[in-house]
Amino acid sequence: ALSTQALAGEGEVVVIAHRGASAQAPENTLAAVDLADELGFDWIENDVQRTKDDVLVVIHDTDLKRTTDVEEVFPGRAPWKVRDFTADEIAQLDAGSWKGGAHAGARVPTLREFLHRLDANGQRLLLEIKAPEQYPGIEKDVLEVLSQEQWLDRRHLRNRLVVQSFSAASVRAVHDARPDVRTGFLGTPEPADLGSYASFTDQINPRSTTLTAAYVASVHALDGPHGRPLEVNTWTVNDPEEARRAARTGVDGIITNAPDVVEEALGQD
Ligand code: G3P
Ligand code: CA
C-alpha cells in the first residue's frame, strides 16, 4: 500500500481535504484538520511559509490580511507579508473570525503544531511549499522540521506524507535532498515534458479545468522516482458534477474544500 490509490478502496478516488475541511472551518487551522477528521477524512492538504524569524507556519496567502485580523492588531505594518512578521506576532492573530464568529480564536498554526495534530488524529499530509521563490532554502527548513517531528520515519514516508509545489525547482530540491520523500508537482506539464518530471516527482497534480482522460493516461503511463506509476490528484473541486467528471478522467485523488460533498457525489460514503 505505497500509493494514495492503494490507500483508498479498490477503484475509489482518494478525497483530500484542501486546507483542511475549509468549506466549513477556517482554512489551514487545527479546527479545519479536526473537522476533516470528524467527517472521516485522513488526507489533508496545507500550505507552508516562513516567518521573519524563520519559523514555518501554515497559511495560504503570502500576506496575512484575508484570513487574520492583522490590520487591526498591527496597523501600519502594511503590506502585512507573512515573511515580515515573527512567529510570536503571528501567534497573536485571530485566524478564525473572518470565517464567522463561531470560529473566533482559531490561530495560524506552526508546521510543528500542525504535524502534531495530524499525528494525534492519525491523518496524512499533502504539504505544499507555497511561494518558495519568496523563501530561499525553505525546502531544507521543511525537511528539517519533518525530520525533527518524526515525519521522515518509515511509516510516515510510506503512506502519510507527500510534499508538493507549483515550483518544479522546489520539488526537485526536496527530492534531491531526501529522495525517499514522495513529491508532487502542481500544474499540467506538456505531455512531451512529463518524462523529465518523472525523475523527481511521484505525482502530477493539475488544476481540474485542464484535466482530460487522455492526459491522465499519459501521466499514469510513466513510472516515478520510486518505480511506481505517477499519480494524479486534481484541485480544487467542490462541485458534485465537477467531481464526477474528474473521477471519470481516471484521477487518483481529488483535492476539495468540501470532502463530504465530493465523497457523496462519487457514491463512496
Ligand atoms: O493542492 C492544490 C491547491 O492547493 C493549489 O492551489 O492556491 O489553493 O494553494 P492553492
Ligand atoms: Ca495549496
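Modeller: W80 counts as buried, because 20 C-beta neighbours lie inside 10 Å; the classes are buried for 20 or more other C-beta atoms within 10 Å of a residue's own, exposed for 12 or fewer, and partly exposed in between, with C-beta atoms placed from the backbone. This is a predicted model, in which local features need pLDDT of at least 70 and side-chain atom pairs count only at pLDDT 80 or more, while totals for chains, interfaces and linings use all residues. Residues are numbered from 1 along each chain as its sequence is written, and chains are lettered from A and ligands numbered from 1 in the order in which they are written.

W80 belongs to the loop between α3 and α4; helices here are DSSP runs (H or I, at least four residues), numbered from the N terminus. The phi of W80 is positive, near 60°, although the residue is not glycine. In the loop between α3 (70-73) and α4 (87-91) one also finds P79, which a cis peptide bond with omega of about 5° joins to A78. Most residues other than glycine have a negative phi, and most peptide bonds are trans.

Another positive phi, about 70°, occurs at Q150, again not a glycine. Q150 lies in the loop between α6 (138-148) and α7 (154-159) and is exposed, because 11 other C-beta atoms are within 10 Å. D119 is part of helix α5 and counts as partly exposed, because 15 C-beta neighbours fall inside 10 Å.

Helix α5 (residues 111-121) leads on to α2 (residues 30-39): their axes come within 10 Å and cross at roughly 15°. Axes are lines fitted to C-alpha atoms over the stretch in contact, and angles run from 0 to 180 degrees between N-to-C directions. The two helices are therefore roughly parallel to each other, a term for angles under 35 degrees. From α2, L30, V33, D34 and D37 meet E113, R117, L118 and N121 of α5, contact requiring C-beta atoms within 7 Å. By class, that contact has three nonpolar, one polar and four charged residues.

Around ligand 1 stand H18, E45, D47, H60, E128, L186, W235, T236 and I255, each with its C-beta atom, placed from the backbone, within 6 Å. This shell has three nonpolar, three polar and three charged residues; Ala, Val, Leu, Ile, Met, Phe, Trp, Tyr, Cys and Pro count as nonpolar, Asp, Glu, Lys and Arg as charged, and the others, Gly among them, as polar.

Technical notes:
Angles under 35 degrees count as roughly parallel, over 145 as roughly antiparallel, 65 to 115 as roughly perpendicular and the rest as oblique. Two residues are in contact if their C-beta atoms, placed from the backbone, lie within 7 Å.
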